Amino acid sequence: MSGFASVARKGFAGALRRLGAAGIQRGSARFFSSVTPIASRAISVPLFLSSRQANAFSPFAQSRGYATKGSVVAFNLADIGEGITEVELVEWFVKEGDLVEEYDKLCEVQSDKAKVEITSKYGGKILKLHHSKGDIANVGKPLVDIELTEDSEDHHEAAAAAPSEEPAAEAVKEEAPAARAPRRGTKLDSDGKPLATPAVRRLARENNVDLAMVIPSGKDGRITKSDVLDFLAGKQEDVVEEATESSTASSGPARASSIGEDTVIPVRGLMRTMVKTMTAANNIPHFGYCDEYEMTEFVDLRNELKPLAEKEGIKMSYMPLLLKSMSLALSQYPVLNSQFKLEENELIMKASHNIGVAVDTPQGLIVPNIKGVQDMSIMDIAKDLNRLMGLAKEGKLSSDDLAGGTFSVSNIGAIGGTYAKPVVVPTEVAIVALGKMQTTAKWVNGEFVPVPKLYASFSADHRVVDGATMANFSNLWKYYIEHPQAMLSAMR
């Protein structure tokens with residue numbers, strides 16, 4: 001027995017609450033107590049539902065995020081970490097009317113830190129794109145509306161970040177256990193969870209299995225039902241499968257369409273990040289200092305290490321040697337490896353030397369950092385530097401690669417120039433720009449001899465760094481560069 005009525009959202013929800021309170025049941029069908037439809041338009045709703053349909057609209061089902069086939073869900077932009085509240089929409093991979101499956105790519109966004117690809121949590125039809133290319137999207141707000149082609153239990157997770165316009169039934173919340181680090185080879189979705197379908201998640205939940213501990217065998221690092229069953233049976237071996245990631249090439253700023261016409265270029269992506277960072281840096285009183293270092297013995301040391309590094313497939317430039325010697329000098333002058341917080345009136349002395357190296361990429365200037373330089377060998381530094389340079393050129397740097405820097409190096413000399421005036425990043429107190437290494441003549445024992453020289457330009461936050469500290473630091477770094485064997489006595 002069934003009957004239908006076309007009602008608006010408020011009237012429908014109110015009527016259902018009253019019917020639910022009365023506890024009316026007829027035959028195998030029953031009334032449900034409350035529901036908040038996604039769409040605000042009038043809908044045709046059955047007043048008598050089967051048990052399965054009633055369960056889908058019950059408060060318990062809503063608390064679990066259950067959504068049925070044919071329903072429309074708003075897919076919200078999840079929190080991507082690092083305190084980021086908004087991103088630029090770089091590219092759509094779908095259009096309205098497209099059919100998508102779980103974990104299909106929806107779009108690519110650019111935050112202040114890095115580019116991130118957003119994947120779908122549902123299989124269904126794209127009904128609406130809430131943003132156009134180049135728009136700014138806010139975390140917790142809808143990206144797309146999707147009409148489901150199958151039942152889903154993950155609806156609540158995607159929609160919870162956006163505030164509801166109408167009061168919904170109170171959800172039953174369970175305290176989630178602390179998340180474990182995922183096994184090697186496990187790929188995470190946009191919410192930081194291992195890739196798996198709702199059915200696989202249900203199987204894992206029923207058997208108390210942490211998906212982060214399961215080794216995936218499915219496409220793109222997805223966990224399949226057989227993976228969970230193998231885990232329960234103890235058949236999984238600790239092997240690593242490579243998960244391939246696709247990258248999307250980005251073009252530089254648009255050029256004028258014709259000579260003599262002005263071109264308006266929206267400030268987006270890395271350019272927008274630079275505007276925000278440099279505007280904040282303008283509040284820092286800068287102190288400048290320049291010096292030059294003889295590189296004769298440093299060049300000899302690099303030439304000796306270069307063939308050893310090549311045997312391990314590592315490119316050995318001067319930068320790893322410079323970073324290691326710089327870290328040794330920072331250990332003696334830790335104030336240069338600190339962060340000043342004006343509002344708290346605090347100076348935080350950073351224990352780890354996370355030294356950033358500026359990289360010029362097709363997308364703009366970015367500064368990934370090598371973490372824990374003080375505890376790394378020269379070969380380790382070279383290896384990590386090679387990794388960061390490769391990822392930077394491909395536009396694949398992670399937010400972790402870009403966050404947490406404590407001291408920055410601009411290698412402007414690789415392009416040209418001798419001296420510069422670098423700008424201190426607001427989260428740091430010092431930066432150095434390295435000019436082009438040049439060979440000069442030096443008068444030695446009655447004759448001129450060629451001497452390679454490196455030119456360094458420092459800037460520091462004069463609120464916490466004085467001239468004497470910067471000069472002493474430069475002198476110590478200069479000593480390590482001109483007498484690299486002295487670094488051995490300072491290494492741990």
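Contact, in these exercises, means heavy atoms within 4.5 Å. The model is predicted: local features need pLDDT of at least 70, side-chain atom pairs count only at pLDDT 80 or more, and totals for chains, interfaces and linings use all residues. Residues are numbered from 1 along each chain as its sequence is written, and side-chain values use heavy atoms, with hydrogens and water left out.

**Exercise 1. Find out which residues Q339 touches, and whether Q339 is buried or exposed.**

Step 1. Strands (E, at least two residues) and helices (H or I, at least four) are DSSP runs, numbered from the N terminus.

Step 2. Leaving aside residues up to four places away in sequence, Q339 touches E346, L347, I348, K350, T427 and V429.

Step 3. Take one of these partners, K350: its side chain makes a polar contact with the side chain of Q339, at 3.5 Å. A polar contact is a pair of N or O atoms within 3.5 Å; within protein, one must be able to donate a hydrogen and the other to accept it, and residues adjacent in sequence count only if both atoms are side-chain atoms.

Step 4. Now recall the scale: buried is under 20% relative accessible area, exposed is over 50%, and partly exposed lies in between (1.4 Å probe, protein chains only). Q339 has a relative accessible area of 17%, so Q339 is buried.

**Exercise 2. Describe which way the residues of β5 point, and follow the pairing from β5 through β12 to β10.**

Step 1. Strand β5 covers residues 72-76, and five of its five residues are buried.

Step 2. V72, A74 and N76 point one way, while V73 and F75 point the other way.

Step 3. Two strands pair if DSSP finds at least two bridges between them. β5 and β12 are antiparallel partners over five bridges, with F75 opposite V144 of β12.

Step 4. β12 (residues 142-148) is also joined to β10 by five bridges, again antiparallel. Here I126 stands opposite I146 in β12.

Step 5. Finish with β7 (residues 99-100), which pairs with β10 (residues 124-129) in the antiparallel sense over two bridges. L99 has K125 of β10 as its bridge partner.

**Exercise 3. Work out the strand order of the four-stranded open sheet and name its edge strands.**

Step 1. Read off the order, β9-β8-β6-β11, with antiparallel pairing.

Step 2. The edges are β9 (115-119) and β11 (136-138), each of which pairs on one side only.

Step 3. Look inside the sheet: β6 (residues 86-92) and β8 (residues 105-110) are joined by four bridges, and E91 stands opposite E108 in β8.

**Exercise 4. Decide how α9 and α12 are oriented towards each other.**

Step 1. Two packed helices are described by the angle between their axes and the distance between the axes. Axes are lines fitted to C-alpha atoms, for helices over the stretch in contact, and angles run from 0 to 180 degrees between N-to-C directions.

Step 2. The axes of α9 (residues 319-332) and α12 (residues 467-482) come within 9 Å and cross at roughly 140°.

Step 3. Angles under 35 degrees count as roughly parallel, over 145 as roughly antiparallel, 65 to 115 as roughly perpendicular, and the rest as oblique. The two helices α9 and α12 are therefore oblique to each other.

Step 4. Residues making this contact include L322, M326 and L330 of α9, and F473, W477 and I481 of α12.
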